[in-house]
Amino acid sequence: KMTQQMRDLQLAQARKPPGPSSPNAAKRLYRNLSGKFRVNYTSFDEGSLVGRGEKEKLRKSYLFQSNAALFEAVELQDLDRVQELLKQYSPEELDLNTPNSEGLLPLDIAIMTNNAPIARALLQAGAKESPHFVSLESRSLHLSTLVREAEQRVNELTAQVVNEAPNADCSEKEKQLKAWEWRFRLYKRMKAGFEHARVPDAPTNVHLSVASSSSVQVTFLEPLSVNSAVVTKYKVEWSCSPTFSPPLGEATIDKLKNLHFTIQGLVSGTAYYVRVSAYNMKGWGPPQASVPPCAIPSNWREYDGRAPRRRGQAEALDHLLGQVKTVHQHCVCHEPCKNQPQSRKHSVSKSLKHLFHPGSKFLKTLKRGLYLTAIFYKDDNILVTHEDQIPVVEIDDTYSCLLMQDFLWFTKVSCMWDEILWLRQCVTVSQSSCSCILQTRFKMLLAISQMQGLLGIQDLGQVFFEPVKDKQGNILIVTLKEVKTNQTFESVRWVPICKLQTSRKSVSSPEEPTALDTLLISIQDKLAYHQRSSHALSPGLYLGYLKLCSAVDQIRVLVPEQLPNILCHVKIRSNPNISREEWEWLQKMASVEEPVPAEPEADTSQNSLFHELQVAIKELMTLVNIPLQEAKDFRLYSQEVLDFGDQVSFLLLLPPSDDVCTAPGQNNPYTPRSGFLTLPLQIFELGEER
């Protein structure tokens, strides 16, 4: 019995010397008593513990203290302390779901004292209710027993304190009495909270959407009522009948960090009805039907049976490359290289030593010509040669005007860093020709091989979207690569970027900086671009804005600086799937002649998409600085939804046909605000593929 445990603890406490008296003495004693109730705690002699066993026992003791601290924080309704402990320790370290000797968990105490903020914090951390409470009657009986035994113990200790003369034992019993009085009040508050609670109201904002051809997703919010007890779980039910007779299935959601659920394994083309109900310690509340009331699993491709655009493309390209290699195996250009071993990939730690080898061919200064530089960075450090120079090799000392076609060809080569030797062998046979283009591209391949050999690294990274030029006729093609390994490299000099910028002695004037000086000044911007271009969008459906501008030798596309591998965009919703019904509605909307199509029927997925698009278009027009009244002349691209994997999809918003691409010299009255840049279209396509 609990009362017998209390008596044993009382005798143990009586043997200890009296502690200092203070207003918090009762709380400290209560904390000590509570801790001993919760686990079978055995004291130990620290001097007898050695080695691993001692560390393990000390660790368990430390975790026990954190568990006791969590119970104390919940009982004292200290939200800040509870959040601090949940952040500092894992649920396993806190024994978050292990009942104490009283059969209670931290979540039980929080919900029965109706402390909603603490209960929500515990639920988001994965807390559960005690499994001992299998019914309302068992919970009520358990609380009544705790209250009765605590009251009995208070009466016993009160009589002892009144009847005994003041001494050390009496002082200790007074502390125990205060602790039990606190416990008695806590249990009564928990019992009253349980008795006055009622079942929860129905969840709110229950929204149903089509997630794929075989699934639907339901999202919802917690009930609005503040008078009922804290909701600890939800139930999602689905059926082919609006009366849910018979039901097809149900699922319980007890992880409440995100209130949504995807129902998988459904039949395409069949309507499914969904409802959601909430649960608290008093039981299940009434269900709430979804809006719309039903959904039919489908995908927009079912409208015309269209296959995914990218299905099998990567495999087809690999197969094509293999065929080309097979044809070239017996080519004359490969004869001298048949006995050469394949270019091996040196380890980063070994290869980077070449940066400091006395015989390296990195350039210190630039003459008039075309050069390749490779920037490797790690955190705020950059890799430099033994002379504190960014690695630079020469491509062509007679090439003073880089054609955009050559640069774009180089960016495509960057997708095949491992195939440079093979490409060189293929181009060699053309060296006798008079083509300047082939001569330049062969020199580019030689420079890449030289950089790879000196660094000992095949992958030189991503090409920056434009070369760096100066007025002296120097042109730098820049590659960027982040080194994420924590491996320590011998004889390798990682220099802080700020130190390299301040210590470099410029040989040019501020009015006419050399290409290397320009690179060093703008290096943080280039590193930021490189990092942002690898970021991915969160799952969802987006509205993208396609805006092009043409020049003499290229077409450029408008992109946001924060995500330069994606078109300007705003998020429509978190569900990336467009259902067949939604796509049919979009097709009808695209075909009507009226500038404002009729609004779809209420409580349908089409109606939800209609309002979501209205909000997204307004937000997008504001983002790209176009007056909203101009949007009436814009149109949605209705040929397809752009799918980027299974989790991200795009609808495209197009300007009027005459304004999709701005010609050279054409006036654009609506210039986007800061935060945008224009990339060559081919660079954008490569970035999107990455």
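Two strands count as paired here if DSSP finds at least two bridges between them. Keep that rule at hand as we walk through this predicted model, starting with a strand pair.

**A strand pair**

Strands β18 (residues 555–560) and β24 run antiparallel, and five bridges join them. With at least two bridges needed for a pair, the five found here meet the rule, so β18 and β24 are paired. Within this pairing, Val-557 of the chain stands opposite Leu-679 in β24. How many of the five residues of strand β24 are buried? Four of them are, so β24, which spans residues 676–680, is largely enclosed by the rest of the structure.

**An aromatic cluster**

Let's turn to the rings. The count of aromatic pairs comes to twelve. One of them joins Phe-464 and Phe-465 in a tilted arrangement, with 4.6 Å centre to centre and 45° between the planes. Phe-464 also pairs with Tyr-529, this time edge-to-face, at 5.2 Å centre to centre and 85° between the planes. This second pair links distant parts of the chain: Phe-464 lies in the loop between β12 (462–463) and β13 (468–469), while Tyr-529 belongs to helix α16 (residues 523–532), 65 residues apart. Together, Phe-464, Phe-465 and Tyr-529 form one aromatic cluster.

Are these three residues buried or exposed? The cut-off for buried is under 20% relative accessible area, and the table gives the value for each residue.

| Residue | Relative accessible area | State |
|---|---|---|
| Phe-464 | 6% | buried |
| Phe-465 | 9% | buried |
| Tyr-529 | 7% | buried |

**Charges over rings**

Two lysines are worth a look in the viewer. The charged end of Lys-235 sits over the ring of Trp-284, 4.7 Å from the ring centre. Likewise, Lys-282 places its charged end over the ring of Phe-194, 5.1 Å from the centre of that ring.

**Confidence**

Across the protein chain the mean pLDDT is 80, and 78% of the residues reach 70 or more. Where is confidence lowest, and where is it highest? Helix α2 (residues 25–38) has the lowest mean, at 42, and strand β3 (residues 233–239) the highest, at 96. Over residues 1–50 the pLDDT stays under 50, and the model has 68 contacts beyond four places in sequence for this stretch. Residues 335–350 are also below 50, with 15 contacts in the model beyond near neighbours in sequence. Where pLDDT is low, the predicted coordinates should not be read in detail.

Note on methods:
Residues are numbered from 1 along each chain as its sequence is written. This is a predicted model: local features need pLDDT of at least 70, side-chain atom pairs count only at pLDDT 80 or more; totals for chains, interfaces and linings use all residues. Side-chain values use heavy atoms; hydrogens and water are left out. Buried means under 20% relative accessible area, exposed over 50%, partly exposed in between (1.4 Å probe, protein chains only). Helices (H or I, at least four residues) and strands (E, at least two) are DSSP runs, numbered from the N terminus. Rings of Phe, Tyr and Trp (its six-membered ring) pair if their centres lie within 6.5 Å; planes under 30 degrees apart count as stacked, over 60 as edge-to-face and the rest as tilted. A charge sits over a ring if NZ of Lys or CZ of Arg is within 6 Å of the ring centre and within 35 degrees of the ring normal. pLDDT is the predictor's confidence in each residue, from 0 to 100. Contact means heavy atoms within 4.5 Å.
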